[in-house]
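Let's take a walk through this one together.

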Amino acid sequence: MGFKKTALATLIGAAVTIPATVSAEGLEWFGSVYVKFLDGNDHSNNGMYSLGGTYPSAPDGGDQGQAIEFEMLFKSQVSKQVEMGGRLKGRFNRNYWANFGGFGPGDEDGLESAQYFKVRGTYVTVTPGYSWINSITLGSNDFGQFDAWTIGKMRYIDRDNGSGIVASGSIGDIARWDFTRMSLPKLWAGPGWQTTSADKTTRGSYNTSVFAQDAAYALQFTFDGSDMVQARTVFEYVIDEELYDGDDDPSDGRRTTPRVENTVVGGVVSFTGSDMVGVSATYYYSDFKNDLNLGGDYGGGRWTPYINGDESDWAGKLNIDITDIGIDDFGVNFELFRIGADYTSVVAARRESDVLLTEGFEGSFMMRNLTEGSLGIGGFNGAAQQVVTLNVDNEFADFDEKAAQTVIGWQGITVAPRINIADIDVSGEFTYIDYDSNWENFDDQYEMVGESMVPLYPQMEGDSSIGIGSGWRSAFQADQDRETVIAVLKAAYTLDVGKGLNTGLRLKFIDDADNRVTSESRFNEVYASGGLDSLDDDDRDFEMFLFEPTIGYQVHNDLYAKLTYGYYDIDVNDGKVGYGDDGHPGKGWTAPYETGEHERHSLLLQFDYFLPGLEVGSSLQWINQYYDPKFQFNNEQDRLARVSVNEEGDTVVATGLGDVVDEEAKSRQYRMKTWVKVKF
Amino acid sequence: MRTIFAALTFVFCSQVFAQSLFIFEDVKGDDHGWGEVNYPVGGKLRPGDLDILSVEAEDDGDSVTFSVKFKNKIDSPEGVYGDDTGQPISSYVREAFYKQNIDIYINTHSDDAPYFRGLVPGRNARLPNDKTWNKAIVVTPRPAAIGDVITQQLVRKLKKRLASEGVRVPDEDSLEDDIQKKVLPNFYFPSRSRVYGRKLKFSVPKAFLGGTPQKNWEYLVVVTGADVETRGSLPFMQEDEQPVFMRPVVGGGNGSTFGGMFRANAYTPHIIDVLIPTDKTQEQLLSLADENTQQFAVLPMLSPEKYPGFDMPDIDASFRGKGYAEYDPWSALDRSPHATRSSLDATSTNSIVISPAERKESSGAEKEPSVSNHTQTLSEKALNPYSEEQAKKENFNPSNRPPLERLKELETLREEGKISEKEYDELRRRIIMSI
């Protein structure tokens with residue numbers, strides 16, 4: 001045998017193993033299978049996501065069931081210069097195993113239940129081999145070449161729902177360029193959540209509304225030919241056109257007129273010439289034009305992801321990262337940031353991006369109403385990510401994902417030191433946030449829409465915007481005088497126990513205060529109908545303390561387990577009395593009463609199991625929450641007037657947000673998600 | 001209080017004054033493999049993310065702290081999602097980085113066996129015939145999981161090799177056991193790495209290395225793009241091989257893999273950057289990979305005592321001459337990764353070769369391959385395509401034997417029943433193609 005080994009090796013002059021005979025032509029197939037198991041005490045069968053969709057007839061989300069998602073990816077390198085690919089994906093969300101394959105009304109004719117295969121993500125990429133152009137991709141793309149401030153990630157089911165033309169190339173060895181024309185998503189990329197003046201779901205409107213040529217263009221240059229400096233510049237232009245009303249003669253074609261025009265110019269410059277410090281400056285200027293009279297039923301108003309008018313503004317940040325001052329393993333990161341209230345990029349990242357250094361608020365308190373979807377009181381685990389758009393999207397997501405939150409209007413500073421002492425990784429953060437959206441009466445900015453005056457600034461309350469800890473889409477209030485302080489201390493240490501016991505601790509403190517109306521004249525105007533007596537009465541004070549230890553251990557080579565306990569102590573004093581339909585404070589808009597002491601205990605158990613070719617993850621969480629409401633009475637008469645006993649014998653207090661039962665409320669939530677992924 | 005102060009002072013001083021053992025620097029802007037490789041078009045990785053600038057080692061008491069510097073700031077996996085699902089990768093990636101794999105292969109010149117020449121399966125490169133390694137540090141975002149994947153790959157390689165040699169293949173469990181005991185202990189997968197801007201730091205126990213690094217220790221450092229998700233095999237790779245948490249070099253243009261105007265084959269190096277201090281050497285060496293002659297790219301090792309000089313690998317004579325050009329349909333194309341091969345010459349001024357006098361002076365002896373007397377187990381051979389006898393020969397080049405002689409020997413093997421008909425046909429084809 002030894003002879004044979006030697007003989008064979010010398011005969012062929014190389015490895016004895018015979019390589020596979022591989023054909024480079026033809027289609028190559030890959031794929032993945034994703035299995036999800038959900039369980040929870042809400043017992044909701046509204047879909048296999050914690051938070052579903054909001055489009056008509058969309059599954060809201062659920063916490064029960066088992067379902068499987070199958071995806072086939074195909075790819076062919078047609079030649080050295082040409083590649084094509086795509087995906088066939090079985091629809092998900094309500095394809096419960098309990099459907100038993102699904103047949104009959106409701107299952108077979110439901111897109112989310114019947115698991116029809118849908119072609120997605122189809123593209124062609126050409127690499128022509130010219131020195132100045134590397135590649136051109138036609139078709140589906142996640143547009144990841146650009147950044148969150150201009151054209152960013154916008155997953156809505158899939159990351160590559162967007163399609164367009166993307167070209168990339170080089171300018172010698174010193175610079176690269178990227179160009180794109182992205183077809184503007186008619187589903188959401190416009191005022192009123194669409195790019196057309198008519199109902200986007202009605203086939204009859206296809207000839208009267210214009211959406212197919214609406215597009216976002218971007219040209220980006222990246223310069224990194226220097227040892228000292230890297231720079232990236234982006235020019236973005238978005239155009240959304242509608243038919244011009246004054247053109248009565250279609251015989252020479254139909255004129256169009258812009259409904260939305262959005263220009264964003266800016267970039268990032270980084271100084272990289274020092275080992276001691278890294279400096280980067282980000283600056284973007286936006287100009288947004290919005291013809292409110294061209295939107296039809298979607299011309300503007302309260303429920304829209306863009307401002308109701310024409311405005312310009314800038315956004316940016318300066319980051320200084322000191323990484324080496326002679327002390328090993330010590331660094332400190334400073335960040336100054338400002339995102340103007342009027343900064344608008346129509347297709348900026350909606351999620352899965354984090355533009356600021358700060359942890360920001362916790363996703364744990366970002367939730368829908370308990371009657372809508374099954375995210376529940378637990379919200380999304382962990383800190384929220386920050387995106388520079390009002391058009392935030394957290395739909396089709398599970399509780400173990402990070403929520404995205406708008407930071408439009410945020411301005412402030414973050415200091416984040418870190419050090420390793422005796423193998424303990426210690427890091428922290430102090431952030432102070434002021435708001436460019438601090439004003440009274442929307443800064444007196446109103447626009448005429450039809451025959452109505454609407455505020456320039458939309459307020460999307462109702463979309464979990466008035467939960468404790470603030471919501472993800474609401475950046476504006478009619479009257480705001482707000483500031484926020486965030487302090488975080490984290491430590492991580494591995495104990496020399498067994499394979500190493502990973503311990504961690506996160507302490508977090510948030511003080512969020514909003515004085516709302518601050519002038520007497522405005523107060524008398526806003527609260528003319530009564531309900532409040534002094535300027536301080538409508539103030540909001542929110543203080544949160546979080547104590548969160550974790551323990552993780554590699555139980556087995558294939559299995560890692562982690563236990564996280566979270567203790568939240570939150571005091572809220574919120575004098576809001578609801579919001580009227582015009583967006584101003586006043587009775588009428590449903591919002592939860594929050595004033596009081598909130599205490600939450602969360603126990604999160606996570607597993608991660610790995611075998612070559614298989615990945616399994618699991619999160620089980622138990623949440624107990626206690627809420628002791630508090631009330632402020634102006635005097636004894638006020639108390640007597642507002643306190644009563646209801647039919648159930650409970651003491652209730654009348655507030656500007658309805659009657660509130662004066663006793664401690666207890667909430668419990670159990671939720672579980674286990675997923676299995678196989679890629680082949 | 002005084003005790004606490006003294007302890008803090010000690011910790012502070014040890015932090016400030018850790019002794020530097022060596023610093024190797026690399027050419028900037030060479031994160032393009034053999035020169036034709038482009039980053040994935042989708043922006044998952046950006047040029048500079050894998051551009052290694054330097055590697056430094058510091059004596060940290062009972063461990064050695066390595067510090068690897070990249071051109072770009074190192075990104076955290078926090079808030080990053082998997083390629084296709086909404087699953088945050090932080091649910092299974094517990095390191096402070098996710099884009100890079102860094103392999104450090106070390107020859108400690110120890111008497112401890114075993115020694116190897118191949119790199120992590122799927123990297124598609126190897127050490128020169130006169131170089132080996134006995135310790136490998138693989139820095140990856142999945143340190144707990146990578147051992148299993150490497151084991152699986154080695155089992156597959158070993159099974160194939162044994163089958164081709166007509167050796168009865170033991171069951172997989174015993175092969176796996178063999179590899180876990182004899183091969184895996186030579187790998188170290190650091191966990192709890194730390195990121196400071198552009199620097200990635202990790203510690204390796206001296207107990208693993210076998211002591212404090214010495215000036216004559218030799219190192220090969222390569223960088224590949226990391227893919228934190230486990231995948232099945234890709235058809236252009238070696239049969240049944242799968243990328244070991246690595247984004248492969250595929251060619252074309254794709255959002256997930258490295259591209260360019262070429263088509264990958266079973267010998268395409270998936271290495272994006274190699275720590276070599278001289279300009280263009282990386283490109284020269286990585287372009288040596290050749291599917292027709294089943295040749296992987298050959299990479300040099302650096303040592304502190306010779307740095308910035310190093311031993312340039314001997315270039316296989318089979319890459320020169322018209323015979324190769326006739327059978328390689330890509331050789332005439334200007335942009336072919338193989339086009340420069342025929343112009344390579346080990347004695348050209350582009351080569352960095354330590355003079356014989358310098359080598360003898362520094363080593364104190366005529367240079368011999370660092371292969372111990374340890375008899376390699378079947379598992380150890382899985383990583384090393386050459387037998388011990390071949391490895392011990394200096395300048396071994398199997399293709400130096402005349403083809404006619406090799407064909408005659410092949411006939412003998414067939415007549416004696418030592419190879420199957422299928423093996424005969426395949427080997428005969430390859431010998432003829434190498435003419």
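Start with A:Tyr123: this residue counts as buried because its relative accessibility is 14%, and the cut-off for buried is under 20%. Keep in mind as you look around that this is a predicted model. A:Tyr123 sits in strand 4 of chain A, which covers residues 117–126.

So who is around it? Leaving aside residues up to four places away in sequence, A:Tyr123 touches A:Lys75 along with A:Glu83, A:Met84, A:Gly85 and A:Gly86. It also touches the run A:Thr137, A:Leu138, A:Gly139 and A:Ser140.

Now zoom out to the whole of chain A. Its secondary structure comes to four helices and 29 strands. The chain has 680 residues, and 56% of them count as buried. Take the contacts between residues at least 6 apart in sequence, and 66% of them join residues at least 24 apart. Chain A exposes about 27,600 Å², with carbon and sulfur atoms supplying 56% of that area.

A:Leu318, A:Leu336, A:Ile413, A:Phe430 and A:Tyr432 make a nonpolar surface patch of about 410 Å². Among them, A:Leu318 belongs to strand 12 of chain A, residues 311–322. A:Leu318 counts as partly exposed because its relative accessibility is 32%.

A:Ala422 isn't a glycine, yet its phi is positive, near 50°. You'll find A:Ala422 in the loop between strand 16 (410–421) and strand 17 (424–435); its relative accessible area is 46%, so it is partly exposed. Follow the chain on to A:Asp443, another non-glycine residue with a positive phi, this one near 60°. A:Asp443 is in the loop between strand 17 and strand 18 (446–449), and it is partly exposed too, with a relative accessible area of 45%.

Over in chain B, there's a cis peptide bond to find: it joins B:Tyr307 and B:Pro308, with omega at about 10°. B:Pro308 lies in the loop between strand 15 (297–298) and helix 6 (322–327) of chain B.

What about the interior? The largest nonpolar core has 76 residues, and those with the most contacts inside it include B:Phe66, B:Ile104, B:Phe187 and B:Leu299. Helix 2 of chain B (residues 143–164) gives the most to this core, with seven residues. A second, separate core has 72 residues, including A:Val166, A:Ile433, A:Tyr457 and A:Ile570.

For chain B, the mean pLDDT is 73, and 70% of residues reach 70 or more. Over residues 10–16, pLDDT stays under 50, and the model has ten contacts for them beyond four places in sequence. Over residues 378–399, pLDDT also stays under 50, and here the model has 70 such contacts.

How values were computed:
Residues numbered from 1 in each chain as written. Chains lettered and ligands numbered in written order. Predicted model: local features only at pLDDT ≥ 70, side-chain atom pairs only at ≥ 80, totals over all residues. Heavy atoms only, no water. Patch = residues over 30% accessible without salt bridge, like charges linked within 9 Å, V, L, I, M, F, W, Y side chains within 5 Å. Areas by Shrake-Rupley, 256 points an atom, 1.4 Å probe, with all protein chains shown as cover. Salt bridge = Lys/Arg side-chain N within 4 Å of Asp/Glu carboxyl O. Helix = DSSP H or I, 4+ residues; strand = E, 2+ residues; numbered from the N terminus. Buried < 20%, exposed > 50% of the residue type's maximum accessible area, 1.4 Å probe, protein only. Contact = heavy atoms within 4.5 Å. pLDDT = per-residue confidence, 0-100. Core = buried A, V, L, I, M, F, W, Y, C linked by side-chain atoms within 4.5 Å.
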